[in-house]
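Open the model in your viewer and keep the selection panel at hand. The stops below go from a whole chain to single residues.

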Amino acid sequence: MSAGAPSSPWVSAWRRLVRHRATVAAILFVVFLVALCVCGPWFSSYGQNDQDLNLKATSPSPAHWFGTDPLGRDLATRILYGGRISLLVGILATAVASVIGVIYGMIAGLAGKRTDSALMRFVDVLYAFPFITFVIILVVVFGREFWLIFVAIGAVEWLTMARVVRGQVLALKNLEFVTAARAYGAGFWHILFRHMLPNVLGIVIIYASLTVPGVMLLEAMLSFLGLGIQPPDASWGVLIREGADNLAVYPWMLIGPGLFFSATLLALNIIGDALRDALDPKSIQD
Amino acid sequence: MIRFLLSRTVQGIFVVLGVLCITFLLLRLAPGGPFQSERAVEPHIRARQEAHYGYDKPWFIQLARHIAGFATFNFPPSPKLKGMGVEEVIAQGFPISTAIAIPALLIALLIGVPLGTIAALRPNQLEDRGAMLLATLFICTPSMVLGPLLGMLFGLRLRWFNASGWYSADDWVLPAMTLGIIYSAYIARLTRGGLRETLAQDFIRTARAKGASLASVVFRHALKLACLPVLNYLGPTTAGLLTGSIVVETVFQIPGLGQHFVGAAVNRNYELAMACAAFYALLIVGFNLLVDLIQAILNPRIGFRS
């Protein structure tokens, strides 16, 4: 880091972030993957549900890079369409979980006393609740619409975020700048949004980035169990299910989607770990 | 310590009660009912059926009756389980889930702890990078990919085990391997973090200065404290494993407990869904209490706080 030059904490965090080659590679991979999933289907010569029953299941070939499934659908195209949905669910469900968790945690931490213990007891109860039952009931209530699945997943994934944010607010709320704000008459919500929110943002980014792969796993699991995205629509969970069912005969049907899914989870985990090292001053610097 | 145990038990009872209430209310808010998939019958017969199971009463009376039933082990009958109580369903699935969960935990510990220890002793060197890369790879291979691959390799190709089903005495091996490999990754990361933090503390330096060898410091002093994060993680994980992993049970066609968590909610089997949720909550509360007790014994500085 260049000494002397004044830099905001965000700029120096960015510099720490891009110091490792693995992190840069992971960021580039995710950017490339998002671009591929968003734009790729426009350039594909096949639709996601175009069937070619003469073809049936064929192994990877120059015409079909990842092979075709028993209905003769091009797997590469389906992986890209599935990626759109899996990534979208990952981002939106994380956003839902973060918004609920941050507001809940900030209110609990700042209000303190009875409100705090009541709110956090409720979180304790939900922690002891089998989340799969929760998600299934929510999916049943909302119907199996793909755009509502992220609400269901977001509604169960906010607990850790709420605990982390509350802890951070507890540490912040007795500092001088909050006392000063109180002294000039700032109200509860003013302190919450103008003074607490900017200060918990770092830790929120860390946990949100670690939530994305978790949420994508949850979506894949739901779709794998037939409770998430419904065929013929594709998500990586749906494709992995179809691949697992046909693994003994058509192994490429699992290998293609599985590789994309695992590589994405790997990249997202590397980025999350790197963000924690870059943004959290307490973590061990090497 | 008696006070600690008492207050935690009371807390735990409230948590289980809360879980029962939430499950009941959520199931009631969901559209449909236990009779929706049955043959259509005359309205007065349906009314008799509903009255038999108490569904004609207001919801809060039903809830109170259910809670009283669970509290006195006098479990409510379910229209979805003819001639069978919810406790029998759980008693059937639980030993099967346990037979997979315990070896899975042992595999996870046997891989995870050594991997994490090696990584922590050589920070930022080849051993550390390699061990953590392996752990991250394990985390990124979800059970729905790893399970079928293991089943394919050891079941269909090598024919060492059955690829699916619950018939032979060794059918636990593949599911336990799938779960153990995935959980070992989390344990390796937690062991590494805990051990690195412990090794940086003063009492370790003192022990080293007094001439204790690295091995004796690691095994006699450090690992005891370093395993606290692992222990914290093991509490809820054990409860989750004992109630069955739904994905692994689906992949290997195992009649464990996990399937009921999905099936009961989908089929509107209110009584079984509540029983499963309560059983899970009970295990979570129990194992968290156990973890806190072991923690207090391992690290007197933590002590018994409620």
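Start with chain B. Residues 24 or more positions apart make up 75% of its contacts with a separation of 6 or more. Two residues are in contact when their C-beta atoms, placed from the backbone, lie within 7 Å.

A note before going on. This is a predicted model, in which local features need pLDDT of at least 70 and side-chain atom pairs count only at pLDDT 80 or more, while totals for chains, interfaces and linings use all residues. Residues are numbered from 1 along each chain as its sequence is written, and chains are lettered from A and ligands numbered from 1 in the order in which they are written.

**Chain B, whole.** Colour by secondary structure: chain B has 13 helices and zero strands. Helices (H or I, at least four residues) and strands (E, at least two) are DSSP runs, numbered from the N terminus. The C-alpha atoms of chain B fill a box of roughly 85 × 55 × 30 Å along the principal axes. Of its 306 residues, 40% count as buried. Buried means 20 or more other C-beta atoms within 10 Å of the residue's own, with C-beta atoms placed from the backbone.

**The A–B interface.** Select the contacting residues: 37 of chain B against 28 of chain A. On the chain B side, α1 (2-29) and α13 (270-298) are among the helices that each supply at least two residues. α1(B) gives the most, with eight residues. By class, this side of chain B has 29 nonpolar, seven polar and one charged residues. Ala, Val, Leu, Ile, Met, Phe, Trp, Tyr, Cys and Pro count as nonpolar, Asp, Glu, Lys and Arg as charged, and the others, Gly among them, as polar.

**The core.** The largest nonpolar core has 154 residues, and A:Ile240, B:Val19 and B:Ala281 are among those with the most contacts inside it. Such a core is a set of buried Ala, Val, Leu, Ile, Met, Phe, Trp, Tyr and Cys residues joined through C-beta atoms within 7 Å. Centre on B:Ala281. Its contacts include A:Ala128, A:Phe129 and B:Val19, not counting residues up to four places away in sequence.

**A:Thr264.** Move to helix α11 (residues 252-279) of chain A, where A:Thr264 sits. Why does A:Thr264 count as buried? Because 25 other C-beta atoms lie within 10 Å. Now draw a distance to A:Phe29: 8.1 Å, C-alpha to C-alpha, across 235 residues of sequence.

**Confidence.** The chain A mean is 80, and 89% of its residues reach 70 or more. Confidence in chain A is lowest in helix α5 (residues 131-142), at a mean of 74, and highest in helix α3 (residues 75-111), at 87.

Note on methods: pLDDT is the predictor's confidence in each residue, from 0 to 100. A residue is buried if 20 or more other C-beta atoms lie within 10 Å of its own, exposed if 12 or fewer, and partly exposed in between; C-beta atoms are placed from the backbone.
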